[in-house]
Amino acid sequence: MWNDLLWPLAAVQQSADFINRQLLASQCRLLRDYVNELNPYSRLPHDVEQLSLTINQCAAELLSIKGSTSQRYLLYLHGGGFALGSLDTHRELCTALTRYADARTLAIDYRLAPDHPAPAGLEDAYAAYQWLLEQGVTPDRIALAGDSAGGGLALALLQKLKHEQLAQPAAVALFSPWVDLTCSSPSMDLNAATDPVLNKVQMHAFAELYADRQALDDPLISPLYGPLDGLPPMHLQVSLQEVLRDDTRRLARGLQQAGGRVDLKEQPWMPHVWQLLYRYLPQAAASVRQAARFIKVETRG
């Protein structure tokens, strides 16, 4: 009898989940179109050069400071819940890292959900890293960085490189990385009232779009559950008040337990990925310079 009663309820729930997923997918597409029309490109400082590229059929760009002889490279993966974000939204941050780390920064418009769920973004990130190697850039001159979902993608890339037995980059800098898409970190609930940007319901919806019915605790989706040994020195930044605080803390703890070297910086009363506001907040500018110094020290340039 109970099965007869529960089956219609389960069917209704599945229908509701499908409708909500389709609605979120439509909203993501509309928002991407709106942002692209609003700001098709962002201005570059007069001393920054931009080389447009295509890698794995994805738009990419290489930023460098005019006249710089640096042979240090930074591969940057932008955030946006795996469904938003672009070269345009993160160009200013990439420019700042290029300047302060004295690096050439490769940023890519990796494919986004819902049209391209996992592992499309990871495949594009892997192709970008391989592209650097094909240009003759040695791993000791490469750093990897990313924010939020891009930070999770960066960790997944490190694990893929390990699986493929390719050399790791020399250093990694992650800003508020989203590495557990099950949304089970305690701060998802504990910091719900203090995070003005993210919330658990919203993030779970983005996770479902990205995973596309794959298990959320699959290491390809949530790299926190993947192997953390043998990874490069890592610089992590997170706000004490954001819901992703414990994703970062759990990652730092896991890396340390696996014998890795971790530099964890926790900033009070900052919004999620406050580094994007480096031109307006002194705390953000200080955080960007801090990450850039780490990259510069750990890589050969």
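This is a predicted model: local features need pLDDT of at least 70, side-chain atom pairs count only at pLDDT 80 or more; totals for chains, interfaces and linings use all residues.
**Aromatic pairs**

A pair of aromatic rings is described by the distance of the centres and the angle of the planes. The count of such pairs in this model comes to two.

| Pair | Centre to centre | Angle between planes | Class |
|---|---|---|---|
| Phe 82 and Trp 178 | 5.8 Å | 40° | tilted |
| Phe 82 and Tyr 210 | 3.8 Å | 15° | stacked |

The pair of Phe 82 and Trp 178 is tilted because its planes stand at 40°, which falls between the limits of 30 degrees for stacked and 60 for edge-to-face. Phe 82 lies in the loop between strand S3 (73–77) and H2, and Trp 178 in the loop between strand S6 (171–175) and helix H5 (187–190), so this pair ties together parts that are 96 residues apart in sequence. Tyr 210 belongs to helix H6 (residues 200–211), and its pair with Phe 82 therefore ties together parts that are 128 residues apart in sequence.

Phe 82 is buried, with a relative accessible area of 3%, and Trp 178 is buried at 2%. Tyr 210 is buried as well.

**Charge over a ring**

Lys 160 lies over the face of Tyr 126, at 4.7 Å from the ring centre.

**Thr 95**

Thr 95 is placed in helix H2 (residues 87–100). Thr 95 counts as buried because its relative accessibility is 5%, and the cut-off is under 20%. Beyond its neighbours within four places in sequence, Thr 95 is in contact with Leu 44, Pro 45, Val 48 and Leu 63. The C-alpha atoms of Thr 95 and Leu 63 are separated by 6.9 Å, although the two residues are 32 residues apart along the chain.

Note on methods
Residues are numbered from 1 along each chain as its sequence is written. Side-chain values use heavy atoms; hydrogens and water are left out. Helices (H or I, at least four residues) and strands (E, at least two) are DSSP runs, numbered from the N terminus. Buried means under 20% relative accessible area, exposed over 50%, partly exposed in between (1.4 Å probe, protein chains only). Contact means heavy atoms within 4.5 Å. Rings of Phe, Tyr and Trp (its six-membered ring) pair if their centres lie within 6.5 Å; planes under 30 degrees apart count as stacked, over 60 as edge-to-face and the rest as tilted. A charge sits over a ring if NZ of Lys or CZ of Arg is within 6 Å of the ring centre and within 35 degrees of the ring normal.
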